[in-house]
Every structure is written in structure tokens, then in C-alpha cells.
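Visitor: I would like to learn how to read a few features of a model. Could you show me the structure and take my questions in turn?

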Amino acid sequence: MTDVAIRTENLSKRYRIAARETDGKSLRRSVQSALASPFAYLRWSLREPTEEETVWALRDASFEVKQGEVIGIIGPNGAGKSTLLKLLSRITEPTRGRAELRGKVSSLLEVGTGFHKELTGRENVYMNGAIHGMSRAE
């Protein structure tokens with residue numbers, strides 16, 4: 001049995017940032033455009049985006065976390081911290097690479113989300129774990 005709880009290999013996530021040119025920015029106009037020329041819309045949405053139309057939120061992250069280890073993810077804005085947590089929590093799928101997880105995974109994606117001012121940090125973590133179906137020991 002392996003003692004690795006989390007293993008990532010070349011984990012990467014790319015987002016498409018280019019907006020399809022329409023008459024306006026509204027959902028209504030986007031739907032109208034898709035209905036008016038469905039083949040052009042499909043051709044645009046299914047083609048591989050160019051480098052100018054994409055941004056890499058996370059690129060080639062590889063690491064291991066052993067059972068019982070505690071890690072912190074730090075970095076400047078735009079470093080990919082939240083993207084990494086979303087990938088590990090299976091909220092979103094990676095563009096390439098893979099992540100193997102053994103056991104339960106839960107992440108606090110936003111600082112302060114679900115935290116009660118009158119509880120200690122430890123009590124807030126226990127409460128958040130309970131909300132996610134974890135026992136106090138977990």
C-alpha cells in the first residue's frame with residue numbers, strides 16, 4: 001500500500017478568454033447569433049483556440065503529498081492557487097496532466113467562506129469538515 005495521498009503529474013489548466021464577436025454582450029444576442037448561423041457558431045466553439053485566445057491558469061504542476069502531511073499553497077494573485085484546489089476537488093477538469101487522490105478531499109476555496117467570527121480557526125475547520133461529511137478525526 002502506498003503512503004501517497006495526493007499525486008499530480010504535469011497538471012495544467014487552460015481557459016479560453018476570447019469572446020465570440022457578436023452585436024452585443026448579452027446572452028440574448030449570443031443565443032440569437034448561434035441560432036442564426038449554427039454552423040459558424042459550432043465551427044468557432046469547437047476549433048482549437050489560438051495562443052492569444054487562451055490563458056494558462058496552471059501549467060505543469062507536479063508534486064506528492066504523503067498521508068498525514070499538511071501543506072499550504074501560497075503565491076501572488078494569478079499564480080494558480082484556486083485553480084489547483086478546483087482541480088484537486090474535481091470542480092473542474094484539467095486541460096492536461098492528471099491528479100490521483102486517495103481518501104476524502106475538501107478545499108476552502110475562498111478565505112472567509114463559511115467561517116464564523118466567534119469560533120476559533122480550528123473550530124471553523126472542524127465545522128467545515130462536518131459540512132463536507134467528514135468526521136472530527138478526519
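Visitor: Which residues of helix α4 are buried?

Guide: Keep in mind that this is a predicted model. Buried means under 20% relative accessible area. In α4, residues 121-131, the buried residues are Asn 124, Asn 128 and Gly 129. Viewed down the axis of α4, they fall within an arc of 135°, so they line one face of the helix.

Visitor: What follows α4?

Guide: Gly 133 follows α4. Its phi is positive, near 85°.

Visitor: Now for charged pairs. How many salt bridges does the structure hold?

Guide: Side chains of opposite charge can pair when their charged atoms come close. The structure holds 5 salt bridges. One of them joins Glu 100 and Arg 7, at 3.6 Å from N to O.

Visitor: Where in the chain do Glu 100 and Arg 7 lie?

Guide: Glu 100 is in strand β3, residues 96-101, and Arg 7 is in strand β1, residues 4-16. The pair links distant parts of the chain, 93 residues apart. Glu 100 is partly exposed, at 22% relative accessibility. Arg 7 is also partly exposed, with a relative accessible area of 22%.

Visitor: What does Arg 98 pair with?

Guide: The side chain of Arg 98 meets that of Glu 9 in a salt bridge, 3.4 Å from N to O. Arg 98 lies in β3 and Glu 9 in β1, so the pair ties together parts 89 residues apart in sequence. Arg 98 is partly exposed at 43%, and Glu 9 is partly exposed at 34%.

Visitor: Which residues do shared partners join into one network?

Guide: Start with Glu 100 and Arg 98: they form a salt bridge, with the closest N and O atoms 2.7 Å apart. Salt bridges that share partners join Arg 7, Glu 9, Glu 64, Arg 98 and Glu 100 into one network.

Definitions and conventions
Residues numbered from 1 in each chain as written. Predicted model: local features only at pLDDT ≥ 70, side-chain atom pairs only at ≥ 80, totals over all residues. Heavy atoms only, no water. Buried < 20%, exposed > 50% of the residue type's maximum accessible area, 1.4 Å probe, protein only. Helix = DSSP H or I, 4+ residues; strand = E, 2+ residues; numbered from the N terminus. Arc of directions from axis to C-beta. Salt bridge = Lys/Arg side-chain N within 4 Å of Asp/Glu carboxyl O.
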